[in-house]
Amino acid sequence: MLAGASIPVVHARVAAVFARLAPGDVQLIPVEVEGQTDSYFLLNITRVVKCIDDEASDEVRYWKPEHGQPENVGEYRSVIGLRIDPAKVGDAQLFLTWGWIAIVVSEVIKKALEEMGATGPKFQEVTGPSTISPEERARDRKSRELFEIADTTRETAWRTLGTLDKDVFMPIAMSSSWPGQRQLWRVIRREAGRTLLVTHGLSDPFADLLEPSVGFGLELTLEVDATVKDISKGWPLMLLDRVADEVAEHEHVRESVKAGLFSMEVSGKGMPKSLVTGEGRVAVLLGVESRSLPGHFSTPYGEVKLVTVKALLPSELAYLLEHGAEGQAELARRFVENGEEHLSRLGRKPVA
């Protein structure tokens, strides 16, 4: 048996293979594909088999109560290096694995698809021994345990700040400069329609050390006074991403951020015009204290500093450049005085 990539829509020639070799396991629903004159079918796989081999797979993880999604408790949270128990498959030629969606086809179907030259599906062996050594498996398991504890602890902290979205945002290309070599962001819905974005990985354990730690010992947060529906296309995530990259890539920046107020400039490309300076940059002030956000949170690996990111207007940047560290403190004082503190808001009046 081999697991292939999802094939939700297939050409008529491919559909004929499934109809011939697995007639009782699939429904073929005609669909129209824009720009195509050939016939296509939606592949609806009707057979589900509970056959994942937990011991033979590289690693399986289940949803637990502490993950905060009670409706999923007891189900698979992830399956790595999938292996199935052939004895539980019976005569099935095509099926979905129960609890963790993977399309599995028999060698017969795989061979038929390859012989006809089908280019869409890609296959991976899901029977036989694991592809990794016991030592590699133990190391991978230890690494994932460390990351899972870090993830769960942060998620617990985020839920104290509002309603945590289930979605986790990540870029297509990961940066090796983050401690765990993964860039993640979470979204928290707050009172009065506010949206809070947080980095979710700057306090990961270091991937290459395989020991408990809080990574850089901080996470960044940016709050706006609007309900941002499509986070991936909004300026708040774009700004937080650029600031996080500077923090992750430069040790002197991290040390300054941990010490107190710190300002920086990042690219203003694609950002709201009201924030962009004449030089095409956007300035932020990090570390403004907030009455509604904690300054840190605890984890089993140590304390993590929660650093606010405040978008500045061009005139406020000019004030900072003129007054230096004293200007940072004065701006922070004025933000607290006008009640906006760490909030990043477009269309506001400058305080300098």
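Good morning. Helix H3 makes the greatest contribution to the lining of the second largest pocket, namely five residues. Helices here are DSSP runs of H or I with at least four residues, strands are runs of E with at least two, and both are numbered from the N terminus. The model is a predicted one, in which local features need pLDDT of at least 70 and side-chain atom pairs count only at pLDDT 80 or more, while totals for chains, interfaces and linings use all residues. Residues are numbered from 1 along each chain as its sequence is written, and side-chain values use heavy atoms, with hydrogens and water left out.

I remain with the second largest pocket, which holds about 330 Å³ of space. Among its 16 lining residues, Glu 59, Val 60, Arg 61, Lys 64 and Glu 148 are closest to the centre. A pocket is an open set of points on a 1 Å grid over the protein atoms alone, where a 1.4 Å probe fits, with protein on both sides within 12 Å along at least five of seven lines; lining residues have an atom within 4 Å of a point. Volume is the space filled by probe spheres set on the points, which are joined across faces, edges and corners. Strand E6 (59–62), like H3, supplies at least two residues of this lining. By class, the lining comprises ten charged, three polar and three nonpolar residues; Asp, Glu, Lys and Arg count as charged, Ala, Val, Leu, Ile, Met, Phe, Trp, Tyr, Cys and Pro as nonpolar, and the others, Gly among them, as polar.

The largest pocket has a volume of about 530 Å³. Its lining has 23 residues, with Arg 61, Arg 77, Asp 151, Arg 182 and Leu 184 nearest the centre. H3 again gives the most, eight residues, and strand E7 (76–80) supplies at least two. Eleven of the lining residues are charged, seven nonpolar and five polar.

I turn to helix H4, residues 235–249. Its 15 residues reach 21 Å from first C-alpha to last, close to the 21 Å expected, that is, 1.5 Å times one less than the number of residues. Its buried residues (under 20% relative accessible area, 1.4 Å probe, protein chains only) include Trp 235, Leu 239 and Val 243.

Finally, Pro 350 lies in the segment after helix H6 (314–337). It is 38 residues from Leu 312 in sequence and 8.4 Å away in space, C-alpha to C-alpha.

Conventions
Buried < 20%, exposed > 50% of the residue type's maximum accessible area, 1.4 Å probe, protein only.
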